[in-house]
Amino acid sequence: MNNDTVTVVSGLIIAAGILGLIVPILPGLALTLLGVLVWAGSHGGTTAWVIFGICVVIAAVGYVLQYRLPNRRLKTAGVPGWSRLAGVVTAAVGFFVVPVVGLFLGFVLGVYVAEQLRLRNPAAAWTSTKAAVRAVLHSVGIELAAACLVAATWVVGLIVT
């Protein structure tokens, strides 16, 4: 393949990664990084590999922040790990029962039921559930920001090379 074709393919992989974050089916940040890797491997040269290295650092920081910041908020809100795990398990089940939408519904239902069992108070369970949903949205936002930053860095690499 020539460089123009590889650039288009890389751009499509990066776009699929960003879309995969908006519609959580694909591993978005990993795909955006893969797109830059395909481009750097094909394009070669020091500049392309430096751009890829910068993108790896951005992705690594994004992955760390994606888990650290929302988990800190959940601990502050008093949502235990058991409730988060219940949300993740029911989200996975929900994804297969009602494709895509079931992921969100399952998570909310799982956290709410776990918190209701723990707290025995519907209002408090709902407050915890809202905190968990905010944390998940925050996590997705961090990953999306990192993926967009990787894509922007790749564009800079296109311009520079």
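Start with what lines the largest pocket of this predicted model: 22 nonpolar residues, four polar and two charged (Ala, Val, Leu, Ile, Met, Phe, Trp, Tyr, Cys and Pro count as nonpolar, Asp, Glu, Lys and Arg as charged, the others, Gly among them, as polar). Local features here need pLDDT of at least 70 and side-chain atom pairs 80 or more, while totals for chains, interfaces and linings use all residues. Numbering runs from 1 along each chain as its sequence is written, and side-chain values use heavy atoms, with hydrogens and water left out.

The pocket's volume is about 910 Å³. On a 1 Å grid over the protein atoms alone, a pocket is an open set of points where a 1.4 Å probe fits, with protein on both sides within 12 Å along at least five of seven lines; lining residues have an atom within 4 Å of a point. Of the 28 lining residues, Q66, L103, V136, S139 and V140 sit closest to the centre. Helix α6 gives the most, with eight residues (helices are DSSP runs of H or I, at least four residues, numbered from the N terminus).

Now look at α4 and α5, whose axes come within 6 Å and cross at roughly 145° (axes are lines fitted to C-alpha atoms over the stretch in contact, with angles from 0 to 180 degrees between N-to-C directions).

Finally, find N71 in helix α3. Its C-alpha atom is separated by 9.3 Å from that of V136, 65 residues apart along the chain.

Notes
Points joined across faces, edges and corners; volume = space filled by probe spheres on them. Helix = DSSP H or I, 4+ residues; strand = E, 2+ residues; numbered from the N terminus.
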